[in-house]
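Colleague: I am new to this structure and would like a close look at a single part of it. Please take me through that part slowly.

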Amino acid sequence: MGMKDEIFYNNIQKALENLPDNFNILEEQIDIEIQVKYFEFVREHREEFNPDEIFVKKDELFLDETSLDRKKVILSVLSVIDDVKAYRTIEKFITGAEGFIKQWAVLAFQESRMLLQSSLLDEQQVFISTGLGGKGQKLRYFVVFLSSAENIILNKTQRKLLRDEVVFELKKCEGEFESIDFIEGFSTALVILPLKADIRSIFRNIIDECNQYGNFLKVDLIVTNVKVMSKGEIIDLLNKKERDNELEEV
């Protein structure tokens, strides 16, 4: 881990340690670009619209002739109306929505839910969202274990060992195993971990345990909660990292 990576990791850990107990994690997997567009739209346009007027016309959401932009406005404004009817309207819309607007509605629904919780509990709620979502008070991560032998898939024994060690280590920290796939040069897994889990130690332990039986994994790995990466994206990232390391050495 380079110096920049170390500083970034430590800053993230400090931020997580200082979180209040009343935080909410977005469980659904929502594209990060859509999340950015949603919050930018809310910041720039929400005050332009009259909440009372929008609330009266909320049923426009369910009409086929209502434009996508109009639905974005209605959902964004409904999310800040402190009324359970607004919350239920968004909830109902989600069940029949698809694609981009469904993801937009999920973000609005989360905001609406937090608003109602804040009113009922009389305390501010904290909202945490990532591209891969989570479960309860845990986050989902996409992990890439790099094989020592490039362009060769792990053999049957190595695959079983890696899978078993991932499951075992996750149980120790109240994490959850979802899936693992094996590709030439690396293995990818989806796991769920408590928000304040020591991610670095968890995956270091997995690699150390596996490498007692042949050093078939590199000590470096990729961990992200932004998206599930394709094989091409993983290779591009590894190549970029290699080029950056070469520049640092020069």
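How many of the residues of strand β6 (residues 186-194) are buried, and is the strand largely enclosed or open?

Modeller: Bear in mind, to begin with, that this is a predicted model. Nine of the nine residues of strand β6 are buried, so the rest of the structure largely encloses this strand. One of its partners is strand β4 (residues 138-147), which runs antiparallel to β6 and is joined to it by nine bridges, with Leu-139 standing opposite Leu-193 of β6. Strand β5 (residues 176-183) is also antiparallel to β6, and seven bridges join these two strands; here Asp-181 has Thr-188 in β6 as its bridge partner. β5 and β6 form a hairpin with two residues between them, and in the turn Gly-185 has a positive phi of about 100°.

Seven aromatic pairs are counted in the model. The rings of Tyr-38 and Trp-104 have centres 5.1 Å apart and planes at 75°, so this pair is edge-to-face. Phe-145 and Phe-203 form another edge-to-face pair, at 6.0 Å centre to centre and with 65° between the planes. That pair links distant parts of the chain, since Phe-145 lies in strand β4 and Phe-203 in helix α8 (residues 199-211), 58 residues apart. Phe-145 counts as buried because its relative accessibility is 1%, and Phe-203, with a relative accessible area of 2%, is buried too.

Key
Residues numbered from 1 in each chain as written. Predicted model: local features only at pLDDT ≥ 70, side-chain atom pairs only at ≥ 80, totals over all residues. Heavy atoms only, no water. Buried < 20%, exposed > 50% of the residue type's maximum accessible area, 1.4 Å probe, protein only. Helix = DSSP H or I, 4+ residues; strand = E, 2+ residues; numbered from the N terminus. Pairing = 2+ DSSP bridges. Phe/Tyr/Trp six-rings, centres within 6.5 Å; stacked < 30°, edge-to-face > 60°.
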